[in-house]
Amino acid sequence: MKRRSDLSEAPPWGTFSLSPSGAKNSQSVQIFLWISELLGYFGRMSTTQVISFHYTLTDPSGKVLDSSRESEPLQFLSGTGAILEHLESALLKMKVGDKQRVDLKAEQGYGVYHEDRVIEVERAQVAHLKDLKVGDQLAASGPNGEPVVLTVKSMGFEKVSLDGNHPLAGVDLSFDVEMMETRPATAEEIEHGHAHGPGGHHHH
Ligand SMILES: [Zn+2]
């Protein structure tokens with residue numbers, strides 16, 4: 001196939017209607033292939049991507065809350081809600097090797113803090129949980145049976161305070177991200193709704 005620069009004097013849309021017979025035939029076919037390649041390229045840009053990136057997450061005081069730097073980059077399938085929406089939009093605009101700081105307000109991150117999601121229970125209700133301490137997380141069910149994580153906020157002699165807010169609710173977040181890899185998702189990954197290993201090979 002010819003490279004784009006070789007075809008610079010013949011815009012593809014101007015010559016695409018060339019007759020498929022006669023001397024111009026081979027050129028016409030090449031141009032058709034080139035258009036297909038371009039369409040494929042733009043098509044991929046808007047389809048589901050598998051993105052791998054490194055991140056370091058800090059709060060407004062600069063305290064590191066989480067980082068991928070000690071291990072593998074975080075990999076996810078776009079459009080599945082696997083990561084924060086605003087972070088995903090920023091990543092989708094980045095190229096491999098790009099580094100960027102993405103600042104999210106709490107409401108773009110894990111939400112604002114709701115005081116009414118803090119409940120108090122009798123100590124006796126959690127007596128069966130041995131060695132319970134402040135900061136522990138408990139799996140519970142919400143009003144509609146949805147899973148809720150409750151963090152032990154404080155413990156008194158009679159009452160225990162449990163916090164149903166996300167641990168990062170109310171916190172403005174800064175992600176320092178580096179784009180490591182981006183590739184189109186395989187049909188299997190789209191069907192499964194998650195990313196597989198490098199190149200889309202199954203690993204689970
Ligand atoms: Zn799978």
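In what pattern do α and β elements follow one another along the sequence of the protein? In this predicted model, the pattern reads α-α-β-β-β-α-β-β-β-β-β-β-α. The secondary structure therefore comprises four helices and nine strands, counted as DSSP runs. The protein has 204 residues, and 12% of them count as buried. Contacts between residues at least 6 apart in sequence were also examined. Of these, 58% join residues at least 24 apart.

Four of the strands form an open sheet. Their order across the sheet is β5-β8-β7-β6, and the pairing is antiparallel. The edge strands are β5 and β6, and each of them pairs on one side only. From one strand to the next, the twist averages 40°. In general, the strands of a sheet pair through backbone hydrogen bonds, and the pairing can be parallel or antiparallel.

Strand β5 covers residues 118-122, and strand β8 covers residues 159-163. Five bridges join the two strands, which run antiparallel. Within this pairing, Glu120 has Ser161 of β8 as its bridge partner.

Strand β8 also pairs with β7, which spans residues 147-155. Here four bridges connect the antiparallel strands.

The next pairing is that of β7 with β6. Strand β6 takes in residues 137-141. Five bridges link β6 and β7, again in the antiparallel sense. Ala140 has its bridge partner in β7, namely Val148.

Attention now turns to the nonpolar core. Which residues have the most contacts inside the largest nonpolar core? They are Val50, Phe53, Leu91, Phe175 and Val177. This core has 15 residues in total. Three elements, β1 (49-58), α3 (85-92) and β9 (173-184), each supply at least two residues of the core.

Residues up to four places away in sequence were left out of the count. With that limit, Val50 touches Gln75, Leu77, Arg183, Ala185, Glu189 and Ala195.

Methods. Residues numbered from 1 in each chain as written. Predicted model: local features only at pLDDT ≥ 70, side-chain atom pairs only at ≥ 80, totals over all residues. Pairing = 2+ DSSP bridges. Axes fitted to C-alpha atoms, helices over the stretch in contact; angles between N-to-C directions. Core = buried A, V, L, I, M, F, W, Y, C linked by C-beta atoms within 7 Å. Buried ≥ 20, exposed ≤ 12 C-beta atoms within 10 Å, placed from the backbone. Contact = placed C-beta atoms within 7 Å.
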